Amino acid sequence: GELRNDPKAAIYGVPFAVGPPDQVIENLRAYRELPMDEMSIQFHHPGMDPRAVEASMRLFAAELMPEISTWGR
């Protein structure tokens with residue numbers, strides 16, 4: 001939960017989208033209308049429990065991918 005509270009948590013100046021599915025999808029909606037065909041997502045960070053990583057990936061696939069897959073080109 002610490003990344004969620006760190007305003008400097010970003011890559012190339014783009015803040016991380018961290019939190020429950022509704023919060024993450026709201027953050028990612030800023031990219032919905034961009035002409036993109038790829039999105040780079042990282043679930044595993046050093047020290048994370050692999051079971052937590054798997055749970056995050058499954059949650060993302062079930063809750064966010066149905067909408068995100070309709071974005072872009």
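**Figure 1. Confidence of the predicted model.** The mean pLDDT of the protein is 85, and 93% of the residues reach a score of at least 70. The coordinates shown are those of a predicted model. Among the elements, helix α2 has the highest mean pLDDT, 95. Strand β1, residues 10–11, has the lowest, with a mean of 76. Where pLDDT is low, the predicted coordinates should not be read in detail.

**Figure 2. The aromatic pair of phenylalanine 43 and phenylalanine 60.** A search of the whole structure returns 1 aromatic pair. The ring centres of phenylalanine 43 and phenylalanine 60 are 5.4 Å apart and the ring planes meet at 75 degrees; the pair is edge-to-face because this angle is over 60 degrees. The two residues belong to distant parts of the chain, 17 residues apart: phenylalanine 43 sits in the loop between α1 and α2, and phenylalanine 60 in helix α2 (50–63). Phenylalanine 60 has a relative accessible area of 11% and is therefore buried, the limit for that class being under 20%.

**Figure 3. The salt bridge between glutamate 67 and arginine 29.** The structure holds 6 salt bridges. In the one shown here, the side chains of glutamate 67 and arginine 29 meet with an N to O distance of 2.9 Å. The bridge connects distant parts of the chain, with glutamate 67 in helix α3 and arginine 29 in the loop between α1 and α2, 38 residues apart. Glutamate 67 is partly exposed at 25% relative accessibility. Arginine 29 is also partly exposed, with a value of 27%.

**Figure 4. The salt bridge between arginine 58 and glutamate 54 in helix α2.** The side chains of arginine 58 and glutamate 54 form a salt bridge with an N to O distance of 2.9 Å. Both residues lie in helix α2, 4 residues apart, which is about one turn of the helix. Arginine 58 is exposed, with a relative accessible area of 58%. Glutamate 54, at 41%, is partly exposed.

Figure 5. One of the contacts pairs the side chains of glutamate 33 and arginine 32, at 3.8 Å from N to O. Glutamate 33 has a relative accessible area of 69% and counts as exposed. Arginine 32 is partly exposed, with a relative accessible area of 33%.

**Figure 6. Surroundings of serine 69.** Serine 69 is placed in the segment after α3, the helix that spans residues 65–68. The side chain of serine 69 reaches the backbone oxygen of proline 66 at a distance of 3.1 Å. Serine 69 and aspartate 37 are 32 residues apart along the chain, and their C-alpha atoms are separated by 9.6 Å.

**Figure 7. A nonpolar surface patch that includes phenylalanine 16.** Ile11, Tyr12 and Phe16 form a nonpolar patch on the surface. Together, Ile11, Tyr12 and Phe16 have about 390 Å² of accessible area. Phenylalanine 16 lies in the loop between β2 (14–15) and α1 (21–28). With a relative accessibility of 33%, phenylalanine 16 counts as partly exposed.

How values were computed
Residues numbered from 1 in each chain as written. Predicted model: local features only at pLDDT ≥ 70, side-chain atom pairs only at ≥ 80, totals over all residues. Heavy atoms only, no water. Patch = residues over 30% accessible without salt bridge, like charges linked within 9 Å, V, L, I, M, F, W, Y side chains within 5 Å. Areas by Shrake-Rupley, 256 points an atom, 1.4 Å probe, with all protein chains shown as cover. Salt bridge = Lys/Arg side-chain N within 4 Å of Asp/Glu carboxyl O. Buried < 20%, exposed > 50% of the residue type's maximum accessible area, 1.4 Å probe, protein only. Polar contact = N/O pair within 3.5 Å; in protein donor to acceptor, adjacent residues only side chain to side chain. Phe/Tyr/Trp six-rings, centres within 6.5 Å; stacked < 30°, edge-to-face > 60°. pLDDT = per-residue confidence, 0-100.
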